[in-house]
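Here is a short briefing to read beside the sequence and the coordinates. It moves from the whole chain to single residues.

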Amino acid sequence: MTVLEDSPFVRACRGRSVPHTPVWFMRQAGRSLPEYRKIREGVGMLESCRRPDLVTEITLQPVRRHGVDAAILFSDIVVPIAAAGVDLDIVAGTGPVVAEPIRAEADLERLRPLAAGDVDFVSESVKLLVAELGSTPLIGFAGAPFTLASYLIEGGPSRTYLKTKAMMYGAPELWNALLGRLAEITSTFLRVQVDAGVSAVQLFDSWAGALSEADYRRYVMPHSAAVLRSLLDAGVPRIHFGVNTTVLLEAMGEAGADVVGVDWRTPLDDATRRIGPDRAVQGNLDPAMLFAGWETVERETRRVLAQGKAAPGHVFNLGHGVMPETDPEILTRLVALVHEVSGT
Ligand code: CP3
């Protein structure tokens, strides 16, 4: 096992004492960095995810620049479903676009099981990164079945999830067959990353907040729980994250997370009351706060750190991904501030 148990990041995930609160940022590898925009010139998003040399360089960029406590593999949630046969692209400024959406039972054929060999480029990238990163842990990740299904059914990003919900409520057998397939693909994809050496995994159910708690528990949680359960013997902390999930936090913890990611809407002490005292939390500064001036950033960071003390472990992060327009200097200063304020 290559899990970096003594790193502040893994220790916080496990609710152990830490020398300082660890910090990393969702979407830290990406368009807020000029060095990222440069290396991506003329290279499509999916192509860049499939090239271990680029994946390694882009993943390392924010670690070098900001001194964050963890790296996150540069990839995208649709990478495994593309590797499983779905014709899709990631369109700049839009997101994933699926050529032929999945709407009926016959369409399920287009989503075959994922074999570890379909994503050799991912294991190769992880191995290269683990060697380069030394004592900094690498986080692997995957999209959760609901969030992946929303792209496959809608054909692209959606505000209302109309077609997704229509299938979920109206054709539950087809829904469960689709989410079952996605759960298996996701489990395989995360296992590949664990076997190659990641120290933690994050399951992104970014759009689960579109559901009520009852519907989440009925239609979605069993599939996410199957994914998280499949990693129980992997020995890595499992982070479970979604946006707009105030009413889902308890269920997302129950689904089998060691760490629950919280967006900026729910204060971390309130989140801990909902989730229960046995799970660490990750979050949750509003990414828009980074545009409000340093005094505000500092005040709000101190608040988040204070509220995070209610949980057995706290990994500092934003409440969602870094926005492309963010000044990278602010992120560097923020890492130093978190370390300074929380340091013993
Ligand atoms: O966090 C990181 O730094 C690691 C890399 C990462 C990316 N996508 C790179 C990316 C991660 C963890 C993701 C996950 C992801 N992808 C999620 C879950 C996280 C979340 O934001 O809630 C989702 C929903 C997606 C789907 C997706 N891919 C969207 C909505 C977009 C944005 C579209 C756009 O261009 O505005 C993408 C594209 C994407 N994924 C980019 C990056 C760096 C931008 C593409 C580019 O640089 O050309």
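The model is predicted. The chain carries 14 helices and nine strands. Its radius of gyration is 19 Å, close to the 20 Å that the globule rule gives for 344 residues, so the chain is as compact as a globular protein of that length.

**Overall fold**

- The C-alpha trace spans about 60 × 45 × 40 Å along its principal axes.
- Of the 344 residues, 50% count as buried.

**Nonpolar core**

- The largest nonpolar core has 107 residues.
- Ile81, Ile139, Leu152, Val198, Val201, Ala208 and Val281 touch the most other members of this core.
- Helix H9 (residues 172-196) gives the most to the core, with eleven residues.
- Which residues surround Val281, leaving aside neighbours within four places in sequence? Val281 contacts Val259, Val260, Val262, Leu268, Ala271, Thr272, Ile275, Gly308, Ala311 and His314.
- One of these contacts, Gly308, is a buried residue of helix H13.

**Helix H13**

- H13 runs over residues 294-308 and has 15 residues.
- From first C-alpha to last, H13 reaches 21 Å, close to the 21 Å expected at 1.5 Å a residue.
- Thr301, Val304, Gln307 and Gly308 are buried in H13.
- Why do the buried residues of H13 line one face? Seen down the helix axis, they fall within an arc of 130 degrees, so they line one face of the helix.
- Glu295 and Arg299 are exposed on the other side of H13.
- The cover over the buried residues of H13 includes helix H12 (268-275), strand S8 (280-285), strand S9 (314-318) and helix H14 (328-342).

**Annotated domain**

- An unreviewed UniProt entry gives the annotation "domain: Uroporphyrinogen decarboxylase (URO-D)" for residues 22-31 and 139-155.
- Residues 22-31 are 0% helix and 0% strand. The end C-alpha atoms of this span lie 23 Å apart.
- Residues 139-155 are 59% helix and 29% strand. Here the end C-alpha atoms are 28 Å apart.

**Annotated binding site**

- The "binding site" annotation, also from an unreviewed UniProt entry, covers Arg27, Gln28, Ala29, Gly30, Arg31, Asp76, Tyr151, Ser206 and His320.
- These residues are spread over 294 residues of sequence. They are also spread in space, up to 22.7 Å between C-alpha atoms.
- Arg27 sits in the loop between helix H1 (8-13) and helix H2 (34-39).
- Arg27 has 17 C-beta neighbours inside 10 Å, so it counts as partly exposed.
- Not counting residues up to four places away in sequence, Arg27 touches Gly321 and Val322.
- Where is Asp76 found? Asp76 is in the loop between strand S1 (71-72) and helix H5 (79-83).
- Asp76 also counts as partly exposed, because it has 16 C-beta neighbours inside 10 Å.
- Asp76 touches Met45, Cys49 and Ile90, again not counting residues up to four places away in sequence.

**Backbone details**

- Most residues other than glycine have a negative phi, and most peptide bonds are trans.
- Which residues does a cis peptide bond join? The bond joins Gly283 and Asn284, with omega about -10 degrees.
- Asn284 lies in strand S8. Strand S8 is among the elements that cover the buried residues of H13.
- Arg27 has a positive phi of about 60 degrees, although it is not a glycine. Arg27 is also one of the residues in the "binding site" annotation from UniProt.
- Asn244 has a positive phi too, near 65 degrees, and is a residue other than glycine.
- Asn244 is placed in the loop between strand S6 (238-241) and helix H11 (249-254).
- With 17 C-beta neighbours inside 10 Å, Asn244 counts as partly exposed.

Terms used
Residues are numbered from 1 along each chain as its sequence is written. This is a predicted model: local features need pLDDT of at least 70, side-chain atom pairs count only at pLDDT 80 or more; totals for chains, interfaces and linings use all residues. Helices (H or I, at least four residues) and strands (E, at least two) are DSSP runs, numbered from the N terminus. The radius of gyration is taken over C-alpha atoms; the globule rule is 2.2 Å times the number of residues to the power 0.38. A residue is buried if 20 or more other C-beta atoms lie within 10 Å of its own, exposed if 12 or fewer, and partly exposed in between; C-beta atoms are placed from the backbone. A nonpolar core is a set of buried Ala, Val, Leu, Ile, Met, Phe, Trp, Tyr and Cys residues joined through C-beta atoms within 7 Å. Two residues are in contact if their C-beta atoms, placed from the backbone, lie within 7 Å. The expected span of a helix is 1.5 Å times one less than its number of residues. The arc is that of the directions from the helix axis to the C-beta atoms. UniProt positions are given in the numbering used here, feature names are shortened, and annotations may be inferred rather than shown by experiment.
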